[in-house]
Amino acid sequence: MKDVAARWKLVDGFLLDGWSDEAEVVAYNRLSGDLHVVPPPQCLFLKHLQQAPLTTEELFKKLDVSDGEAVHSIVSVRGLDSRLEQLAGLGIVVQSRCVCD
Amino acid sequence: MQVSSNIGVVLDGARLLYSDREIAPPDFVDFHIALTRPFGLRRWWRPQVNFRLDGHAPFKPLPLAQALPMFEWGLNWCITSHCLDYLIIHAAVVEKNGQALVMPAPPGSGKSTLCAALVCNGWRLLSDELALLKLDGSGGVVPLARPVCLKNESVSLISSRFPDARFGPLCNDTIKGDVAHMLAPADSVYRVGEAATVQAVIFPRYIKGAETQLWLRSRAYTLLELAKQSFNFHVLGEQAYQVLRGVVDQSQCYDFHYSDLEQALQLFDDLVEEREPALGEGDSHYAL
Amino acid sequence: MPYKSCLLLEVLKSPSLCGQLRLPEWDLLIRQARIATMMGRLHVLLEQHNLLEKVPGEPLKHLRWGKIMADRHKASVVRELISLRDSLAELDEPVVVLKGAAYSVAGLQAGVGRLFSDIDILVPKTVLDGAEELLQMDGWYTTHLDAYDQRYYRQWMHELPPMRHGKRGTELDVHHNILPETAVVTPNARRLFEGRVPLPEVEGLWRLGNEDLVLHSASHLFFDGEFTSALRDLDDINSLLSELYLPTGHWFDLISRAGQLGLQYPLYLALHYCREFFGLAVPDGVMSRARSELPFGDTRLRLGLWIMRRGLMPDHESCALRGSGVARWMLYVRSHYLKMPLRLLVPHLLHKALAPKFEHIFKPEDSSPRTVDEFLTQLGRQKRT
């Protein structure tokens, strides 16, 4: 059975850089030259999305099991969705419908 | 660089400000610039000066009194808008004991005053305005050793504290006061071919009455701010990003607030003489 | 002086000259290339002729900077075109990329090492408003807010007022024809769309067919422009002709297409100057046929050639010929006269001549920098665009 769900992914060309003693990460797009500093908890979303495209629900579940204080401020799927929308507004993530098994 | 001008103060000023420079052979010149007074009405009524590169004027004319500052800004423009051998950041760079400090700062932060005081106090001047970061991944920064542009009370502050400092003519700036250029120390000019390695990125800020304080600063935000203050980050693409990543990796990053110049000089010396500088508690407020 | 007029032109014509240049001549060549915005182009040319190793270090540095800049422009153009295609997909009408961006993305020699000041696209006039709306939704805004300019563009020109992207700063011209409808000649835009060819690098976008590509380039240079980078534009045409017509010899296709679109004069001028300036091997038979298509006599043609030659040289004192200043002014007036009938032209030039002076009285002092701070802020603004 195939489902078509809107999944979030990193915009093409973005690389994430961070330092072990710092919470935030740098997101640099090697194609467009766009550069952002992404503070927690949003930078945790990006790290998950870097692994694989996820729906908001899937990402929400992943955040549940991952640690980090900043994640505690995300209490609902809707709250997560609005934060993802902010990242989309900056051109860092994009929502696309992909067919998955 | 070849300069032609029909304004005496520009030619004399350029000769004085660059008196320690070697004269380049005239066969090939990177930029042919001219500072000239326009003909016609404007020659006499509120006289003006034009900056031209090869006959084309990238800026609007300025009042004649600012001919010499315009010459200096024009030189900066030639470098920042053409040179792609370096990642160019709007920042002062000084060096002591082989350790270079890069100080990016928005105008009005007291960066030039601090830079002038440091170079009068034994630091080598690499640049007052433009940090030229090497692209080869070495984390090196290349000197320009050009004059330091000082404004208003900074001129008298530096010239009274360091009587040996040599200055070009004082130019009246109609809106914000006076501008004068402090010559680069002869030793800095002599060593202009000698690159240095960036050891620290410091964001200085003069705040009236503030305590002298240094805070560690986030590397991520430092990288972002360096990119914002860069003239050619976008043109150089990923190479530029990797340069900044390297510089931020190898450097200590600080925010620095001061009002007392003597304390500031002492703290900077401590930084490079392996004495632990006193760090402020908590985070500073990023001016983003 | 071994070169009487323009060293850049001599080098474009015979790149091997570079092997013999001494430093003072390199100095002049670099200055001329900078004025003509052809630094990257020159780098590419010397690279193709394996001549880079003969270039001394000082001038080579400038050529290399020009090439880096051109590479960056190329990369941005591809990204911009992809985003334009996506923005305009809903129109469901062909979007044809014009000029430099098209050469570059079509993989034509004329696009290699070239800089772009803006992107030009052609859409059918019937969907012009729709295109503008879609572009506005994706962050493009119109730059000429002055009511007179708005009316001027919308009523008389072959394009929307120029647009700029709010975030990326890219400039965009959306055309519905390659010359204004008020011009002495107006090609039939439908025919242009019929001959379109897909762009290999950006699927879903088009370029003009070979003949129209050359004819547009020629009519833009000789009818439309103010000759600001005329030598670069002529070099484009020379490059297109060398690549598309020299090997096939299909010159007469070009001449008959010019006849269909009414663009015989710009074609004649293009062939004439590519032959004269670059030594392009246009056969004599082609030249006389192109000449025979022109509806006027030798005297008028000679005057036209005298003026154009001066306009084509880079605007640098070392390239100026006798009468260059007058010729440039005549070209400026002419470019307008060709675009609109006299009853429109006189009011337009008067408005352009007077408006800035009156505005000055009411507006505060110009925005020229007064201090180091202001200067650097202006630089900052420049570097972002």
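A residue is called buried here if 20 or more other C-beta atoms, placed from the backbone, lie within 10 Å of its own, exposed if 12 or fewer do, and partly exposed in between. The model is predicted, with local features requiring pLDDT of at least 70 and side-chain atom pairs counting only at pLDDT 80 or more, while totals for chains, interfaces and linings use all residues. Residues are numbered from 1 along each chain as its sequence is written, and chains are lettered from A, with ligands numbered from 1, in the order in which they are written.

In chain A, buried residues make up 25% of the 101 residues. This chain has three helices and five strands (DSSP runs numbered from the N terminus, helices being H or I of at least four residues and strands E of at least two), and their pattern along the sequence is β-β-β-β-α-α-α-β. When contacts in chain A are taken between residues at least 6 apart in sequence, 54% of them join residues at least 24 apart, a contact being a pair of residues whose C-beta atoms, placed from the backbone, lie within 7 Å.

Helix H3(B), residues 111-120, and helix H9(B), residues 261-272, pack at an angle of about 65° with their axes 10 Å apart, where axes are lines fitted to C-alpha atoms, for helices over the stretch in contact, and angles run from 0 to 180 degrees between N-to-C directions. From H3(B), B:Leu114, B:Ala117 and B:Leu118 meet B:Leu261, B:Ala264, B:Leu265 and B:Phe268 of H9(B). By class, this contact of H3(B) with H9(B) has seven nonpolar, no polar and no charged residues.

Chain C has 17 helices and seven strands, and 39% of its 385 residues count as buried. Its open sheet of seven strands has mixed pairing and the order S3-S4-S5-S2-S1-S7-S6. Strands S3(C), residues 140-142, and S6(C), residues 197-198, stand at the edges with a single partner strand each, so one side of each is left without a neighbour in the sheet. S6(C) runs antiparallel to strand S7(C), residues 206-207, and two bridges join them, with C:Trp206 as the bridge partner of C:Pro198. Helix H6(C), residues 128-137, lies across S3(C), S4(C) and S5(C), running at about 120° to S3(C).

Helix H10(C), residues 230-244, reaches 21 Å from its first C-alpha to its last, close to the 21 Å expected at 1.5 Å a residue, the expected span being 1.5 Å times one less than the number of residues. H10(C) is mostly covered, with 11 of its 15 residues buried, including C:Leu231, C:Asp233, C:Asp235, C:Asp236 and C:Ile237.

Technical notes:
Contact = placed C-beta atoms within 7 Å. Pairing = 2+ DSSP bridges. Nonpolar A, V, L, I, M, F, W, Y, C, P; charged D, E, K, R; others polar.
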